[in-house]
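Thank you all for coming.

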Amino acid sequence: VQLQACGGGLVQAGGSLRLSCAASGSISSINVMDWYRQAPGKQRELVATITSGSTTTYVGSVKGRFTISRDNAKNTVYLQMNSLKPEDTADYYCSAVIKEYSSNYYSRYWGQGTHLTVSS
């Protein structure tokens, strides 16, 4: 199983950007899908989560600005980021809890980071 994230870049404060992350491989089922971020010198933090039933949760600092969604047919999770602030600058990582056909268990997988810089 692989998770491929893309969509980062350089945006001015107040702008918008959408990240996407596609899971591929021998996937039987995907449970939760998440976005994390890690700013320079800081610990990685959970930004948003979406369950298989599309229930969403957000860290307080992005509520009302970010929207997580998923396309189950494409095994893809998105993060729509609006009203971006310089403090949103970070490496963003997608993660998902996935069950492979060859396994009876779910495991967490991580994508590579995609970098967002928000200029003031």
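**Surface, strands and core**

The accessible surface of this chain, in a predicted model, comes to about 6200 Å², and 46% of that belongs to carbon and sulfur atoms; such areas come from the Shrake-Rupley method with a 1.4 Å probe, and for residues only the protein chains shown count as cover.

A word on the ground rules: because the model is predicted, local features need pLDDT of at least 70 and side-chain atom pairs count only at pLDDT 80 or more, whereas totals for chains, interfaces and linings use all residues. Residues are numbered from 1 along each chain as its sequence is written, and side-chain values use heavy atoms, with hydrogens and water left out.

What is the chain built from? There are eleven strands and zero helices, where strands (E, at least two residues) and helices (H or I, at least four) are DSSP runs numbered from the N terminus.

As for overall dimensions, the C-alpha atoms fill a box of roughly 50 × 25 × 25 Å along the principal axes. The radius of gyration is 14 Å, which agrees with the value near 14 Å that a compact globule of 120 residues would have; the radius is taken over C-alpha atoms, and the globule rule is 2.2 Å times the number of residues to the power 0.38.

Turning inward, buried residues make up 41% of the 120 residues, with buried meaning under 20% relative accessible area, exposed over 50%, and partly exposed in between (1.4 Å probe, protein chains only). The largest nonpolar core has 30 residues, and those with the most contacts inside it are W35, L79, M81 and Y92. Among the strands that each supply at least two residues of this core are β1 (2-6), β4 (27-38) and β9 (90-100), and β9 gives the most, with five residues. By a nonpolar core I mean a set of buried Ala, Val, Leu, Ile, Met, Phe, Trp, Tyr and Cys residues joined through side-chain atoms within 4.5 Å.

Let us stay with M81 for a moment: leaving aside its neighbours within four places in sequence, M81 is in contact (heavy atoms within 4.5 Å) with residues including L17, L19, F66, Y92 and L116.

Finally, two loop residues deserve a look. N75, in the loop between β7 and β8, has a positive phi near 50° without being a glycine, and N75 is partly exposed, with a relative accessible area of 24%. S83 lies in the loop between β8 and β9; S83 is not a glycine either, yet has a positive phi of about 50°, and its relative accessible area of 42% makes S83 partly exposed.
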